Amino acid sequence: MKKYLSILVFIAISIPAITQDMISGQVTDQNKEPIFFATVALFNASDSSYVTAESTDESGRYLIRDIQDGSYYLEVSMLSFAKARKGGIQIPAKALIDIDFQLESDAALLSTVEIKGKLPLLEQRADKLIVNVENNMTNTNGSLLDVMKKVPGMLVVNDRLSMPGSGSPTILINGKTTQYMDVQSLLRDMPGDNIKKVEVIHQPGAEYEASGSGPIINIILKKNVLFGTNGSISLGVGKGELWDYTTGLNLSHYAGKLNVSGGLGYSRNSYVDGLDITRNITGVSTSIDGVYSQVNRDASMPHTYRGNLRLDYDVTDRHRIGFETKYYENQNQRVQTNTTEVNLFGENETDYTLFTDNDIDKTWNYFAVNPYYIFEIDSAGQKLQFDVNVASYQPDGFNTLSTTNSINDEVQKQRYIQPGDTKIYATTLDYVKPLNSALELKTGIKYSFADLDNDLRSEYFENGSWLNNPLQSNHYLFDEKIYAVYSKFSYANGPWAATAGLRYENSQSSGMSVESDTTLTRDISKLFPSASISRDLGALTSTVSYSYRIDRPRYSTLNPFLYYLDPFTYETGNPNIRPELTHSTKFTLSMEGQPFFNIEYKKSKDAIVEITRQDANSEEASKIDINFDDRSSFNVSLFLPVDLIPGVKGGYAGIIGSNTQYNSILGEQVFKRSQWAATIVAQFEFGLPWDINAELGGWYNSGGQEGIFTSEHLYGTSFGMSKKFMNDKAKLSFGVEDFIRRFWHAEVDYQQDLKLISSWQAPVVNARFSYKFGNKHLKSKKKHRASASDEINRATQG
């Protein structure tokens, strides 16, 4: 008993000796919520000299140890809060000193931070242009396709993307490819409310897969960087010709070594597309003369459900493991209508009219899981990262075409059943090694495998039964393996910076048509160099870059299917198409991190180009991708700041001049066309009374040469407003798109007489409410870029 009593007495005597040189406490806000990462600094009371400082932990608590005898005061600071000070602290103390702080919001500082800390809409880096679309006010309820309209110079015509002088882009999502997916359906149906920014990469380095000929568009989704438990909810509604709806819930918990986040969402991104085609086949078809006037309308209300879950865990300070999984499901039932008026001999009267209803029931789902491991080898920046991506994309479609002839009311029916299954596996191993203070080596290997199975069954209705149409049915099996290895050196010293990289890729693909019992195999091995050099000139930064890339044909292009859109027009695949090879170089001049002046030149061999063809022996016309021998493009752009205009807080204004030249043998003749085009883009951000933020934007394109299509001028506009309230936790946005616009008009006069008008629903008005809850304090986290950066894009775009 005496022994235990002696121990208790010893502890009681020791506690004051242990604690008298420590100060602890908690820092909270006005709502008594703990503030993480606030700075608590200790100063000498005699001369205000700095002694030491600590940061608050997850619960807002701090602890300062080993304080020498003397008089002190504490000062607490945190961004967006007024500083707080408490004095009269004497060390040594008779007891543990516990001092709590409750910080008041600094309204003046908050407004300053909001103005200066807001990301500009455009950021020009040495290797990419960043478009920060997270706070966009106009496309508040739109799809990924709507978000693409915010990329300067991007032309969005229905579901087709193009950039003047740069070609069609390659789409990545969080660095993962969409190579084998139905990109059009993905862009149309996936909601755009979860996008943080869009990266436009014209000259990708060796770490990127060398696929594509146009720029890489990397869509970066939002990611949790807030400490503690937090989340957001959103509700949106829009109205054009049809109604749009969207809602979402995102939750996350970030504490200690664990960061878990997830979300659920639903959207109905409606669209209405129109396509008017006038074909004069007089003198083109050897069997018949006449004019065919076709009016197509596609009104759709697709339903998309999404879910995602992400987990990051720091095993130690140097080892991190994690995984991310995503799931999307889309359901789209609609009826496309087509009216074709036939004038057989070019006279004013219509000889007969065909009415076609295309009853479509289409679904797709996408599931992906992405585990990874990161090893921070040392504090100098040496790092090893291993990444795996497993994905499944399953489209399924069923559509019935019913055509009625105005002469005899006869109804002809045919239908298509299109089940599909795509499996993708990709893995990468990347290693980063700083060689010295100026030079860094990055190297890695990658393997990807894609297996696609598409069974298109075509049937026609006769004598009360559905019968197989062997001329159109096609079961197509496709698989592709890509082996890649790369190395890239990065140099930065003073005002100079440079990169030099080399990538080797070997792709092995096999496409088999079951009906015809034919198999086409391809084995492509190539080296792809890339390089850049930059110089900081003060307010300006100049960069010269070069890259060599390959655009492999998409799966839908290789599949020799035959798919009728109406009785006289169809699209088909081309199993003999060759890959496109492109040399590209670019000069960039940026001003204080903003785009200023660019010059780019591209030269492509075996360019993949979409054309239309008129059958010389019938009334039918088709769409197909083929190779052009040569395509070259040149573009120059100039962007100017607009915040010098009184009342304008931000935005941009620019003009892009481009020239595309085609040179190829087409239809046993030489097709050689070249045309200049001008694109003007502008967006202005300004303030309105009652702390309302607003933006006004517009674009104009003079038209140009796109393969055999010669397009006319087109333009569009947008306007949006937003207001924050409830301590900036809630936000209400309003936007309207294309309140002034002109649709796409084009013609084909080479071996055809074809005129087209492509339209979409406009204007579209939308509104959105969002509310953020939980902790609002940041905590840094090392970034992780998923591996399958380039494997899902070629599948069924078409």
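Predicted model: local features only at pLDDT ≥ 70, side-chain atom pairs only at ≥ 80, totals over all residues.
An open sheet is built from four strands in the order E3-E2-E5-E6, with antiparallel pairing. Its edges are strand E3 (50-55) and strand E6 (84-91), each of which pairs on one side only. On average, neighbouring strands of this sheet are turned by 25° against each other, direction ignored. Six bridges connect strand E5 (residues 70-77) with E6 in the antiparallel sense; Glu75 has Arg85 of E6 as its bridge partner.

Most peptide bonds are trans. Pro92 lies in the loop between E6 and strand E7 (97-98). Ala762 and Pro763 are likewise joined by a cis peptide bond, with omega about -5°, and Pro763 is placed in the loop between strand E47 (754-760) and strand E48 (764-774).

Positive phi values occur at two non-glycine residues, Asn463 and Asp606. Asn463, with phi about 55°, belongs to the loop between strand E28 (439-462) and strand E29 (465-468). Its relative accessibility is 76%, so Asn463 counts as exposed. Asp606, with phi near 55°, is instead located in strand E37 (residues 594-614). Asp606 is classed as buried because its relative accessible area of 14% is under the 20% cut-off.

On the surface, Phe386, Leu429, Ile445, Val485, Leu502, Tyr504 and Leu527 form a nonpolar patch with about 580 Å² of accessible area together. Among them, Leu502 is part of strand E31 (residues 496-513) and counts as partly exposed, at 41% relative accessibility.

Definitions and conventions:
Residues numbered from 1 in each chain as written. Heavy atoms only, no water. Pairing = 2+ DSSP bridges. Helix = DSSP H or I, 4+ residues; strand = E, 2+ residues; numbered from the N terminus. Axes fitted to C-alpha atoms, helices over the stretch in contact; angles between N-to-C directions. Patch = residues over 30% accessible without salt bridge, like charges linked within 9 Å, V, L, I, M, F, W, Y side chains within 5 Å. Areas by Shrake-Rupley, 256 points an atom, 1.4 Å probe, with all protein chains shown as cover. Salt bridge = Lys/Arg side-chain N within 4 Å of Asp/Glu carboxyl O. Buried < 20%, exposed > 50% of the residue type's maximum accessible area, 1.4 Å probe, protein only.
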